[in-house]
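Here is a friendly walk through one protein chain and its fold. Take a look at the model first, then read on.

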Amino acid sequence: MKILVGYVPTPEGEAALDAAAAEAVLRGASVLLLNTSRGDAYLDRRYASADELATAEARLRERGVEVTIQQADGGNDVATELLKAAAAEDVAMIVLGLRRRSPVGKLILGSTAQRVLLESPVPVLAVKVPPRHD
């Protein structure tokens, strides 16, 4: 069994990584970590560096989870890359981190998470960043 996590080096991506790790441990699954950039950006802060990917990989391996990392270069939009990877790798679940967006922002910019939720042939676990208790 394989779980696909859409990873970006943000609090939302870290929440998705933690949830994917927990699901993998629970189900005895491996994780496919996919990081991709937006196709319309020359520099995308969500495109993880080698150090960020190594840290994410180490976090999964510390929990006993086997991990494979893929990075897409932004030829397609993020939702397309996630759905394509899910089909190609025969995953059982997709895990995504959600960020808060205004209704107008969703209308103008679209929503990667919404598209994945609607088009995925497998269950999707959408997680939010846990609230901070300072």
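## Terms and model

Two strands pair if DSSP finds at least two bridges between them. Helices (H or I, at least four residues) and strands (E, at least two) are DSSP runs, numbered from the N terminus. With that in hand, Leu4 has Leu32 in β2 as its bridge partner.

This is a predicted model, in which local features need pLDDT of at least 70 and side-chain atom pairs count only at pLDDT 80 or more, while totals for chains, interfaces and linings use all residues. Residues are numbered from 1 along each chain as its sequence is written, and side-chain values use heavy atoms, with hydrogens and water left out.

## The sheet

The chain has five helices and five strands, arranged along the sequence as β-α-β-α-β-α-β-α-α-β. The five strands build an open, parallel sheet in the order β3-β2-β1-β4-β5. Its edge strands, β3 (67–72) and β5 (124–128), each pair on one side only. From one strand to the next, the twist averages 20 degrees.

Strands β1 (residues 2–6) and β2 (residues 30–36) run parallel and are joined by five bridges.

## Helices on the sheet

Helix α1 (residues 11–27) lies across β1, β2, β4 (93–98) and β5, at about 150 degrees to β4. Helix α2 (residues 50–62) lies across β2 and β3, at about 155 degrees to β3. These angles run from 0 to 180 degrees between N-to-C directions, with axes fitted to C-alpha atoms, for helices over the stretch in contact (heavy atoms within 4.5 Å).

## Burial

Of the 134 residues in the chain, 37% are buried (under 20% relative accessible area, with a 1.4 Å probe and protein chains only).

Note on methods. Buried means under 20% relative accessible area, exposed over 50%, partly exposed in between (1.4 Å probe, protein chains only).
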